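Grab a pencil and work through these exercises one at a time. Each comes with a solution you can check step by step.

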Amino acid sequence: MALVEIRDVSKSFKREAQTVDVYSGLTIDFAEGSYTALMGPSGSGKSTLLNLVAGLDKPTSGTVTVAGANVSAMTSTQLADWRARTIGFVFQSYNLLPVLTAQQNVELPLLLTNLNKKERTERTAIALGVVGLSDRLDHYPRQLSGGQEQRVAIARAIVADPALILLDEPTGQLDAKSSEEVLELMRRLNEEFHKTIMMVTHDPKAAEHAKSVLHLEKGVLIEGSVGVKAGRTPTVSREAARIRT
Amino acid sequence: MKFLPLVLANLSRHKLRTILTIMSTALALFLFAMLRSVVTTLNAGSEVSSAQRLITQNSTAFVIPLPMAYANRLASVPHVKEVTWANWFGGKYGDGKKFFAQFAVDPETYLKMYPEYELPEDQKQAFLKERSAALIGEGLVRMFGWKVGDNVTMQGTIFPGDWTFTIRGIYHPSQKAYGDDQFMFHYDYLYERDPARVTPGWYILKIDDPSAAAVVAKTIDEQFKNSTAPTKTGTEKQFAAGFAGMWGNVKLLMSTIGMAVVFAILLVTANAMMMNQRERTSEVAVMKTVGFTDGRVFSLVIIEAAIIALTGAVIGLGLATALPLMTSMGDGGFLPGFRVTPDTLAVGAGVALILTVASGIFPAWQAAKLPVVQALRRVE
């Protein structure tokens, strides 16, 4: 069953006087429980795809449906509420709030729920426990290593128990050891906690941790199939590209 | 309330900047309250005046005296029940650096005219009996440490020479606006030293019907219209307002300075708020990604601005309220009856509210309308 359904999506940007087409008629599904790596050169539309799925950006035409909700038709307020419940987002540069402790950073999405302080504290502790940072609750981001910061960011992404986790270059600023820790964590979240994961990455090693890999180039899906982790297959025409991962 | 730690954490991001912004807001509201209080205190003098009292002065200028013979003629005007007079002495005590008003008055009629000056009966009788006796306000006791029985020598400026008085009474004003820093002595004491020059500076009349004040004033002024000393008669309120009116430009200046200060601080606060927001572009984008709505982000920024403005207001207005109470500012050392009124506090709170909205609304709107994708792209 597809958790994410992208149907005939076109997306174009205005750059000064010019219109830049990112996608034209992109159709693709991501199954519930899948773990997909999105690869491709800069400007190929990987991050834009994450933004469309998260409702941070709207398609020029077509529909994006996540867990049965038509993301493209929601208002900004509906999207914010929906995102708080459905999406966990992890950025390349962690993007923790520097004035908040690890615990407060992780608690941030829970402030938007009806949970009381005690429940929020419990869930925050669990999330930080999952990423192995139970002993860093009161540490500020500046007191953590890059790998630890990214794990706090992952804890923030999972604390509200979202169905879908979106990662944009999560290992882009990490050393090899920290990258491995983060990727192992993502594997656990996918396999043990059954989270659906979409991960944009430039790193083939990171992509190897995913169950499937999609290659985008100039907005065209040129490769992808279940279980394929490397190698290239013939270009798939954008109209026909319907990939079930 | 659950967002309060987030707001406070943001405020503590640049502690020094936040403290300085709060202090500038506090200073602005302190100055605003003090300057406005000077104006309201000056106006208050005319507002507590009795509607039953009229003042007759020389129409040419307040400083030109009136003939003594007017006393009987004024007393015969219909509705006039009592007449008394006073004269400005203008003496200097010690080095003259501490100013206080001295009046030569007709003691019996004057105290009858002004029941607002309250003093023990024995002191009153002692004051009435002795020609060189003086009646002083409590403020002068605090200012100079004088007590009943003390001899006080002043140097006359309008009426030259040394003038020695014996303090026989200390009054307490029933209303602060009447001032507790006045020095009153017998008109006769002044007159006997310089009978050629001394005549009443102004007359005070009590009428039986306040609604007849305009008619009485007109009758009096018509009566002396063609004399060598034409008069200008008005209610005590008009007289006090005339005094306050002499401050007209000063009041305008004070109000203008007050508003200019508030406006300048508004720009400082707004600038600080916008700097804060600019530095937090990526964080706002992240908060929106996490699920914060535009409205929520807007509210959080406005609450930050409100905390700065309201903390500044509490400090500034609190200090302005406490200062006259803790010092002698309101006792005559600065301005008799000077105090920050609830009305000024309410206006100050309103100014703080305007500061909040004006300084917070633009950065809040910017944060609320921040395009997340572009903001994240800048960061990533």
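**Exercise 1. Find where A:Glu169 sits, and work out whether it is buried or exposed.**

Start with the location: A:Glu169 is in the loop that links strand S7 (164–168) and H6 of chain A. Keep in mind that you're looking at a predicted model. Next, check the backbone: phi of A:Glu169 is near 50°, a positive value, and the residue isn't a glycine. For background, most residues other than glycine have a negative phi. Finally, count neighbours: A:Glu169 has 20 C-beta neighbours inside 10 Å, so it counts as buried. The cut-off used in that step is 20 or more.

**Exercise 2. Describe how H5(A) and H6(A) pack.**

To set up the problem, two packed helices are described by the angle between their axes and the distance between the axes. Step one is to locate the pair: helix H5 covers residues 146–158 of chain A, and helix H6 covers residues 176–191 of chain A. Step two is the geometry: the angle is about 20°, and the axes are 9 Å apart. Angles under 35 degrees count as roughly parallel, and H5(A) and H6(A) are therefore roughly parallel to each other. Their crossing is right-handed.

Step three is to see who makes the contact. From H5(A) come A:Gly146, A:Gly147, A:Gln150, A:Arg151, A:Ile154 and A:Ile158, while H6(A) supplies A:Ser178, A:Glu181, A:Val182, A:Leu185 and A:Leu189. Sorted by class, that contact has 5 nonpolar, 4 polar and 2 charged residues.

**Exercise 3. How many residues does the largest nonpolar core have, and which element gives the largest share?**

Begin with the total: the largest nonpolar core has 111 residues. Those with the most contacts inside it include A:Leu38, A:Val53, A:Ala155 and B:Leu29. Now the share: helix H12 (residues 294–326) of chain B gives the largest one, with 12 residues. Apart from this core lies another, of 47 residues, with B:Tyr70, B:Tyr117, B:Ala133 and B:Ile220 among them.

**Exercise 4. Which element gives the most to the side of chain B that touches chain A?**

Count the contact first: 22 residues of chain B meet 24 residues of chain A. Then list the elements of chain B that give two or more residues to this side: helix H1 (4–11), helix H11 (281–290), H12 and helix H14 (372–379). H11(B) gives the most, with 6 residues. By class, this side of chain B has 9 nonpolar, 7 polar and 6 charged residues.

Technical notes
Residues are numbered from 1 along each chain as its sequence is written. Chains are lettered from A and ligands numbered from 1 in the order in which they are written. This is a predicted model: local features need pLDDT of at least 70, side-chain atom pairs count only at pLDDT 80 or more; totals for chains, interfaces and linings use all residues. Axes are lines fitted to C-alpha atoms, for helices over the stretch in contact, and angles run from 0 to 180 degrees between N-to-C directions. Helices (H or I, at least four residues) and strands (E, at least two) are DSSP runs, numbered from the N terminus. Angles under 35 degrees count as roughly parallel, over 145 as roughly antiparallel, 65 to 115 as roughly perpendicular and the rest as oblique. A crossing is left-handed if the near helix is turned anticlockwise from the far one by less than a right angle, and right-handed if clockwise. Two residues are in contact if their C-beta atoms, placed from the backbone, lie within 7 Å. Ala, Val, Leu, Ile, Met, Phe, Trp, Tyr, Cys and Pro count as nonpolar, Asp, Glu, Lys and Arg as charged, and the others, Gly among them, as polar. A nonpolar core is a set of buried Ala, Val, Leu, Ile, Met, Phe, Trp, Tyr and Cys residues joined through C-beta atoms within 7 Å. A residue is buried if 20 or more other C-beta atoms lie within 10 Å of its own, exposed if 12 or fewer, and partly exposed in between; C-beta atoms are placed from the backbone.
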